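User: Could you walk me through this one? I'm new to it and would like to begin with how the chains meet.

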Amino acid sequence: MSAAQTINTAVRRVPGWALYIVGAAYGAWLFYLGATGGLGVEPIEALEHRYGKIAFQLLLVGLAVTPLRQHVGLNLLCWRRALGVLAFFFVLAHFLVWAVLDVQRLAAIWADIVERPYVTIGMAGFLCLIPLAITSNNLAVRKMGAASWRKLHKLAYPAAVLGAVHYVWLVKGFQLEPLIYLAITLALLATRFRPTKARVA
Amino acid sequence: MARRYQSKLTWDDVTPEHLFLNRRQIMAGTGALLGAGLIGGTAQAQDALEPNTWEEITTYNNYYEFGTGKTDPSENAHTLTTSPWAVEIDGMVDNPGTYSFEDIMAGVEVEERIYRFRCVEAWSMVIPWNGFELADLLTRVGVQDGAQYVAFETALRPDEMPGVRVPVLDWPYREGLRLDEAMHPLTIMATGIYGRDIPNQNGAPMRLVVPWKYGFKSIKSIVRITLTDEEPPTSWNMANAREYGFYSNVNPNVPHRRWSQDSERRIGGGLFARRVPTLMFNGYEDDVASLYDGMDLSENY
């Protein structure tokens with residue numbers, strides 16, 4: 001059995017709901033750490049950034065499912081919904097920490113969203129994910145039909161790009177890490193176009 | 001001729017460490033209980049000024065030569081050799097030359113200054129510095145007529161500074177002040193915190209502290225001071241002139257391009273701390289506003 005097959009078998013043994021439990025527990029654990037001094041002397045910024053980064057990483061792993069299956073033979077399909085929904089909840093947590101614990105005032109929250117482009121972009125990415133989270137269930141897939149459901153869920157692409165730009169934009173000075181994330185995002189999206197081109201050629 | 005400035009904050013404002021730690025535990029506990037009810041939490045009084053703890057001051061730093069994360073400097077800066085240390089003082093001075101750290105310290109009076117410290121990233125601390133007035137050093141080396149600015153440079157040591165492998169900024173780090181700002185009695189060269197030698201991550205062995213300006217003006221680990229008649233280039237201004245001006249006075253009415261500056265997060269309040277309003281010139285308006293009479297502060301940000 002190849003390594004990919006071994007992993008595929010192992011993955012099938014872990015149901016999606018287990019991922020929800022692990023994800024929720026991890027989010028709650030981080031919150032507990034922040035409240036009790038475990039995230040350093042400035043827990044608001046720390047928690048905000050941790051939630052944001054986890055959300056982005058989950059989104060990227062979700063986007064890696066298809067290319068991994070096509071090019072590596074790794075099948076994580078049974079986790080994809082959980083990865084996406086968890087990504088949404090971490091974005092939501094990131095947003096709430098930013099709005100409630102960091103900025104704190106409604107007027108200031110609104111001003112940031114409309115006046116500061118990197119916040120606007122982050123919000124746009126968040127909005128892209130809302131319909132995806134709402135339709136991440138079998139009932140929605142049945143009601144919408146597979147074709148239009150798939151079309152709607154391509155919103156994950158702009159969401160990831162917006163998230164990457166949001167990250168690049170918010171750091172000070174020239175920093176590598178957000179650029180690496182942007183490159184990974186674009187690479188994952190590029191894999192979606194390659195097969196089509198190959199067929200045309 | 002030091003002691004031109006007397007801080008209104010004294011050791012009576014310093015919370016004894018055991019009480020402070022105790023208070024933090026109580027706050028953490030209350031915070032956890034409050035949970036999502038934090039919106040109803042009581043606002044912290046702006047004038048309840050307590051110096052931050054040694055731990056807060058020395059583990060939450062921006063010193064990009066040692067990494068861009070807040071804890072990177074405290075983890076990495078131990079590699080910086082701070083002894084021997086020398087500062088080259090040149091430009092429009094009567095006695096240019098290379099001054100050893102000991103030589104500089106022999107000619108100045110070290111005082112304690114409890115200052116607010118406001119970062120451009122909208123967080124703040126209160127820090128009990130030990131240091132001497134920059135004016136004393138400048139007077140000693142003799143500022144020539146016609147000098148109008150002071151330029152500063154941080155050490156650049158790729159062997160000791162892992163962060164400079166990445167061009168986060170155009171190294172070495174550079175800062176500058178107008179001569180009257182540099183000579184102002186509030187402006188100090190800090191060599192200690194809480195009566196102890198200043199840790200490497202805070203800018204050992206000698207760093208500038210200009211309490212009415214955003215923290216990045218208070219350049220760390222200085223190896224060069226140049227008196228000049230031209231406004232010197234400064235690192236953050238070179239990196240992004242629209243976001244970081246030469247003056248960079250703390251000003252709640254002039255937002256940063258990417259965030260508001262009208263309030264700040266006081267480090268040490270925990271996860272549920274209320275933001276506090278940012279004060280004009282970081283609370284030193286009475287002392288320094290006259291330096292900028294007639295200047296448009298939103299133009300000269």
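**Where the chains meet**

Analyst: In this predicted model, 20 residues of chain A are in contact with 30 residues of chain B, contact being defined as C-beta atoms, placed from the backbone, that lie within 7 Å.

User: Which elements of chain A give two or more residues to that side?

Analyst: They are α2 (16-35), α3 (43-72) and α4 (77-103) of chain A, where helices are DSSP runs of H or I with at least four residues, strands are runs of E with at least two, and both are numbered from the N terminus. α3(A) gives the most, with three residues.

User: And how is chain A built, how many helices and strands?

Analyst: Chain A has 11 helices and zero strands, and its C-alpha trace spans about 50 × 40 × 40 Å along the principal axes.

User: How much of chain A counts as buried?

Analyst: Of its 201 residues, 30% count as buried, a label that requires 20 or more other C-beta atoms within 10 Å of the residue's own, whereas 12 or fewer make a residue exposed and anything in between partly exposed.

User: Switching to chain B, what does β6 pair with?

Analyst: Strand β5 (residues 149-154) of chain B pairs with β6(B) in the antiparallel sense over five bridges, and pairing requires at least two DSSP bridges. Glu153(B) stands opposite Arg174(B) in β6(B), and four of the five residues of β6(B) (residues 174-178) are buried.

Methods
Residues numbered from 1 in each chain as written. Chains lettered and ligands numbered in written order. Predicted model: local features only at pLDDT ≥ 70, side-chain atom pairs only at ≥ 80, totals over all residues. Contact = placed C-beta atoms within 7 Å.
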